[in-house]
Amino acid sequence: MLLLSISCLAQRAADIVTLHIPHYDKDGNPTTGVLECNKSIAKDLEEIFAELYKAKYRIERMRPISEYDGDDDKSMAANNTSCYNYRVMTGSKKRLSKHALGLAIDINPLYNPYVKGNIIKPAESKRYAKNPQIKKDGLVYRLFKKHGFKWGGDWRTLKDYQHFEK
């Protein structure tokens, strides 16, 4: 079983690529972020972020999750936009997240929280729970939908406004 787990991890690692994404920071200054993702969605992400850059859409931070010791809560609290993170789904103990495959991205999580009943993540984003930055039919939503992503803001039992997955 251990060999199978190591083999699966090695295969997943081979599918992960690093992108250097030009974007505007929270103050409107051009910068370049680092995004690790599955190679199957890399072109989509490059095209989406090129359009967001043209529109001067602000991304506060875009750093690999390893800079937060793989801790999703730390990354979200820093308003870090990230994709690949080998972890289980929020609320699960065993089921892998699409982030573990590099097939999901969280954008400006502080301004676009995860909301399930009284649970709001990151906790610091409570004021955005009813008015997230990403809106249905807004630019970010339209670009990701055009590229075939599903949005966590469309889910029924919870809202994950930061989350897009393929």
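The following legends describe close-up views of a predicted model. Local features require pLDDT of at least 70 and side-chain atom pairs pLDDT 80 or more, whereas totals for chains, interfaces and linings use all residues. Residues are numbered from 1 along each chain as its sequence is written, and side-chain values use heavy atoms, without hydrogens and water.

**View 1. The stacked pair Y24 and Y53.** The structure holds eight aromatic pairs, a pair being Phe, Tyr or Trp rings (for Trp, the six-membered ring) with centres within 6.5 Å. The ring centres of Y24 and Y53 are 4.6 Å apart and the planes lie at 25 degrees, so this pair is stacked (planes under 30 degrees apart; over 60 is edge-to-face and the rest tilted). Y24 belongs to strand β1 (residues 16–24) and Y53 to helix α2 (residues 39–54), so the contact ties together parts 29 residues apart in sequence. Helices (H or I, at least four residues) and strands (E, at least two) are DSSP runs, numbered from the N terminus. Y24, at 11% relative accessibility, is buried, whereas Y53, at 29%, is partly exposed (buried is under 20% relative accessible area, exposed over 50%, partly exposed in between; 1.4 Å probe, protein chains only).

**View 2. The stacked pair F144 and F164.** Here the ring centres are 4.3 Å apart and the planes are at 15 degrees, so F144 and F164 are stacked. F144 lies in helix α4 (residues 139–146) and F164 in strand β8, so the pair links parts 20 residues apart in sequence. Both F144 and F164 are buried.

**View 3. An aromatic cluster.** F49, Y141, F144, F149, W151, Y161 and F164 together form one aromatic cluster.
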